[in-house]
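Please keep the sequence and the structure at hand while reading.

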Amino acid sequence: MAGRHSAGVLLFRRNSDGAVEVLLGHMGGPFWARKDLGAWSIPKGEYEPETEDARAAASREFTEELGLPVPDGTWRPLGEMRYSSGKKVLTAWAVEGDLDPAAVAPGTFELEWPPRSGRFAQFPEIDRAEWFDTATARDKLVAGQRPCLDRLAELLTD
């Protein structure tokens with residue numbers, strides 16, 4: 001079954017206590033405006049595997065969504081995750097680095113809003129970015145991306 005492919009970067013850091021924190025973006029647009037739990041994402045986006053390398057797509061999408069490049073660091077593969085719908089596959093990497101959420105300048109997308117109104121508006125890809133401990137991040141992330149946290153934990157215990 002052919003599906004859509006996305007690639008993304010899970011940026012992580014260690015706080016002053018040594019605990020791991022991850023950077024997530026709250027999805028922009030009117031559908032997500034009043035949602036919190038399950039409404040956050042790693043910076044990621046779609047790509048065509050026949051014409052673009054997944055890692056290059058992950059880097060491009062990080063920059064498009066946050067307006068900042070991926071911080072320097074080692075790219076550690078988290079592998080592929082298939083969303084429960086079976087129609088989307090996410091390929092992700094973990095990169096240790098820091099980034100100031102206040103410096104984020106998100107890209108935008110256009111959407112007909114309200115639906116079937118004929119009016120189009122620009123919305124931010126993400127409307128804010130924040131660092132979360134991994135337990136909080138698990139509740140915030142959309143379900144299909146939660147395996148990223150498990151795979152990050154495995155990488156950090158190896």
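## The largest pocket

Strand β4 supplies the largest share of the lining of the largest pocket, namely three residues; strands here, like helices, are DSSP runs numbered from the N terminus (E, at least two residues, for a strand; H or I, at least four, for a helix). The model is a predicted one, in which local features need pLDDT of at least 70 and side-chain atom pairs count only at pLDDT 80 or more, while totals for chains, interfaces and linings use all residues. Residues are numbered from 1 along each chain as its sequence is written, and side-chain values use heavy atoms, with hydrogens and water left out.

The volume of this pocket is about 470 Å³, taken as the space filled by probe spheres set on grid points that are joined across faces, edges and corners. A pocket is an open set of points on a 1 Å grid over the protein atoms alone, where a 1.4 Å probe fits and protein lies on both sides within 12 Å along at least five of seven lines, and lining residues have an atom within 4 Å of a point. Of the 20 lining residues, Met-27, Gly-28, Trp-32, Lys-44 and Glu-125 are the closest to the centre of the pocket. At least two lining residues come from each of β4 (44-47) and β7 (108-112). Sorted by class, the lining holds nine nonpolar, six polar and five charged residues, where Ala, Val, Leu, Ile, Met, Phe, Trp, Tyr, Cys and Pro count as nonpolar, Asp, Glu, Lys and Arg as charged, and the others, Gly among them, as polar.

## Nonpolar cores

The largest nonpolar core has 21 residues, and those that touch the most other members are Leu-10, Val-22, Leu-24, Ile-42, Leu-78, Cys-148 and Leu-152. Such a core is a set of buried Ala, Val, Leu, Ile, Met, Phe, Trp, Tyr and Cys residues joined through side-chain atoms within 4.5 Å, with buried meaning under 20% relative accessible area, exposed over 50% and partly exposed in between (1.4 Å probe, protein chains only). Two or more residues of this core come from each of β1 (4-14), β2 (20-27), β5 (75-82), β6 (88-96) and α3 (147-157), and α3 gives the most, with four residues. A second, separate core of 19 residues includes Ala-57, Leu-66, Trp-75 and Trp-131.

Leu-152 belongs to helix α3 and is buried, at 1% relative accessibility. Neighbours up to four places away in sequence aside, Leu-152 touches Leu-10, Phe-12, Val-20, Val-22, Leu-78 and Ala-94, contact meaning heavy atoms within 4.5 Å. On the same terms, Cys-148 is in contact with Leu-10, Ile-42, Leu-78, Met-81, Leu-90 and Ala-92.

Arg-76, in strand β5, is partly exposed, with a relative accessible area of 26%. Its contacts beyond four places in sequence are Phe-12, Trp-93, Ala-94, Leu-155 and Leu-156. The C-alpha atoms of Arg-76 and Ala-94 are 5.1 Å apart, although 18 residues separate the two in sequence.

## Salt bridges

The structure holds eleven salt bridges, each being a side-chain nitrogen of Lys or Arg within 4 Å of a carboxyl oxygen of Asp or Glu. Arg-13 pairs in this way with Asp-98, with the closest N and O atoms 2.9 Å apart; Arg-13 lies in strand β1 and Asp-98 in the loop between β6 and β7, so that the pair links distant parts of the chain, 85 residues apart. Arg-14 and Glu-96 also meet in a salt bridge (3.1 Å, N to O), and because Arg-14 lies in strand β1 and Glu-96 in strand β6, this pair ties together parts that are 82 residues apart in sequence. Arg-14 is partly exposed, with a relative accessible area of 42%, and Glu-96 is partly exposed at 36%.

A further salt bridge joins the side chains of Asp-127 and Arg-128 (3.1 Å, N to O). Elsewhere, salt bridges that share partners join Glu-52, Arg-60, Glu-61 and Glu-64 into one network.

## Backbone features

Most residues other than glycine have a negative phi, and most peptide bonds are trans. Against that background, the bond between Trp-113 and Pro-114 is cis, with omega about -5 degrees, and Pro-114 is found in the loop between β7 and β8 (120-124). Arg-116, found in the loop between β7 and β8, has a positive phi near 60 degrees and is exposed, with a relative accessible area of 78%.
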